Every structure is written in C-alpha cells, then in structure tokens.
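Welcome! Take a look at the structure below, and then we will walk through some of its features together.

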Amino acid sequence: MEKELLQEIEEAQMVLVGFGEALDAVEFQKMESYAESALNEVGVSWLAPLFWERLREDIYSKGLERLAKLLEHKNYFVISQAQNSAIFQTKWREGRLVMPYGCWRKKQCTCMEDEIVPTPLDDEAAKALTRAVDSYVAVVRSVGSFASHDNDAGSVGACSAFKNGSETQNECAGIGNLESLPDPVREAMEEIQRRKEITDAANELKRAAEGILGKCERCGAPYTLNVIQNKNYDMHGYQLDWERYTKWLSGSVNRKLLLLEIGADERIPGLIHGPFAKISELNLKSTLRTYANAIDWLGNL
Ligand SMILES: [Zn+2]
C-alpha cells in the first residue's frame, strides 16, 4: 500500500471510513435480473442483498480484515452504505460500525415495537438461509444457461419436462412440441416457461426463508430481514449505531480527521460521497482520500 496513506493514518487523530454502493455491485448474467424482480413479485424483496451476495464471489473479506487491523489502535468509525455482510462480520471495534441501509444478517418484525429491535441472525439460521438462496441461484443459473443455448440445434427451451426425456413431455402443459412452432412464437413460449420456473423457485425460497426465520413472539407475523429493500424497514436496527456515529463525528471538529471514501459513486451523494465532501470542507484539518475501486484498494492493503 502507498506509504503516503500509511503515514496519513499514523498522523490522523481520527479516521472515518465510508464504504459506498460499489461493494454491493453485481453483474447480472442472463435471467438473473429477472430472478431479482421475482423476489419482489413473491414478496421477499428483503432477500435481494443476500441474493446479490451469492451471485458474487467474496472478494472483500480479507481486505476488510486487513483494514480493521491497520486501524486497530486508531480512533475510527466506519459508515457503510453498502449492505455487504462481509462489512458486518469484519472485526471492527465494538460500536464503531453503522450500516444505515441494513444488512441481511439481522432479522426484524413488522410490528416494530420499540422493545422489539432487529436482532442478528444466529450462525445456523444465516447458514440455512444462505443455502436456500444458493439453491435459488442454482435454478436461475440452470434456466439461464439453457436460455443461452437457444440457437443450438436440438435445444427446446428450459422446460424441465423436456430435459427429463420424452415420457414426461406432457407435464409441459399446453406447450406441446415447441420445435414445430415458428421461431418468434417458440422463443416467446420458452421465455414464459423460463420465467415460470424462476417464479416457482422464488416461491419455494420464500417458504424456506419463512421456515428458517420463524415468527415474531409478540405478534406472530413471520420475521423478515432488516434491509432497506424491506417495505417495512425497521430503522431501529441502526439507530443506536447512528447516534454513536453522529456523536463521534461531532467530536472530530478541529481535530486531524482522515476520511477514506471507498467505492462510493461520485454521481450519488448518498450517505458517503456528499457528507464526506461537506465534512472535509468544514474541517480545515481534515484530509479526504477517495478510492473509487474498492476491490483494488482493499486488495492492495
Ligand atoms: Zn411482531
């Protein structure tokens, strides 16, 4: 890593780290964006951040651990607009992380009573949920990869009944022999079939997730995940951390503050880029460093 940055960390009295939306970025393959909207359609939009996470490789954990180690003896705070669970699980100092958009590692209920704050998932539930989402990803990928062979000779679409041989062809109700249809019609039918398979898998994922998360002891409603994609997002999940953050920030006035902006999109002011620019403008002793490419930056630490 750059010597200059090491020295800046050394000399700073306080360090503020901001993780932007780039840490959640995912490039959708064929059918994956449809699969994301299917989560919404079946009423589990709160599974989207975990879904994105399972589409990506875990490329951040090690870099985040190195950063936490590097800041070990500093007075620091981390704010993350990204919902990446690697950030949640990094061993930051106790009470020095705020994730205002939430993270899938916490569950919540819709009753949102003050005394029922969102709580972290235990490891067993987190693992089970991850496995359920992985099964969904596997279905989406098999349907998607089948779709990419549309033009190959002999390809008849994603209907599993066709894939399983002639005996089960009748299960593909109403579609019949797609090969005899004109191309645009056949393609449209195949697309409908692919989408249906994904919607079915999304419904199955919903049932699995509800089973894993269980029901609220108070109101009996099924638990969901504490992320901003949840239409009943419970802000109690980050409120205490937010209070600690603003208090910490007010203590940075007139101190040598180093701001590290990592993976924030300059076009989106949001929680990181806009506020960091403002803080550095107001604090004349501060230094603002921006690193747009989070993967490279964390990788080189
Ligand atoms: Zn409840």
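Along the sequence, the donor residues of the zinc ion follow the spacing C-x1-C-x104-C-x2-C. Two of these residues, cysteine 111 and cysteine 216, link distant parts of the chain, as they are 105 residues apart. Please keep in mind that this is a predicted model.

**The zinc site**

- Which atoms hold the zinc ion? The protein donors are Cys109 (SG), Cys111 (SG), Cys216 (SG) and Cys219 (SG), and they lie 2.2 to 2.3 Å from the ion.
- The site is tetrahedral, with angles of 95 to 118° among its four donor atoms.
- Cysteine 111 sits in the loop between β4 (102-108) and β5 (119-120), while cysteine 216 sits in the loop between α8 (183-213) and β6 (224-227).
- Are these two cysteines buried or exposed? Cysteine 216 is buried, with a relative accessible area of 4%, because buried means under 20%. Cysteine 111, at 22%, is partly exposed.

**The sheet**

- Five strands form an open sheet in the order β3-β2-β1-β7-β8, with parallel pairing.
- The edges belong to β3 (97-98) and β8 (287-291); each has a single partner strand, so one side of each is left without a neighbour in the sheet.
- Strand β1 (residues 14-19) runs parallel to strand β2 (residues 75-80), and six bridges join them.
- Glycine 18 has isoleucine 79 in β2 as its bridge partner.

**A helix on the sheet**

- Helix α9 (residues 236-250) packs on the sheet, where it touches β1, β2, β3 and β7 (257-262).
- The direction of helix α9 makes about 135° with that of β2.

Key:
Residues numbered from 1 in each chain as written. Predicted model: local features only at pLDDT ≥ 70, side-chain atom pairs only at ≥ 80, totals over all residues. Heavy atoms only, no water. Pairing = 2+ DSSP bridges. Helix = DSSP H or I, 4+ residues; strand = E, 2+ residues; numbered from the N terminus. Contact = heavy atoms within 4.5 Å. Axes fitted to C-alpha atoms, helices over the stretch in contact; angles between N-to-C directions. Donors = N, O, S within 2.8 Å, 3.2 Å for Na, K, Ca; no water. Tetrahedral: all angles 85-135°; square planar, octahedral: opposite > 155°, others 65-115°. Buried < 20%, exposed > 50% of the residue type's maximum accessible area, 1.4 Å probe, protein only.
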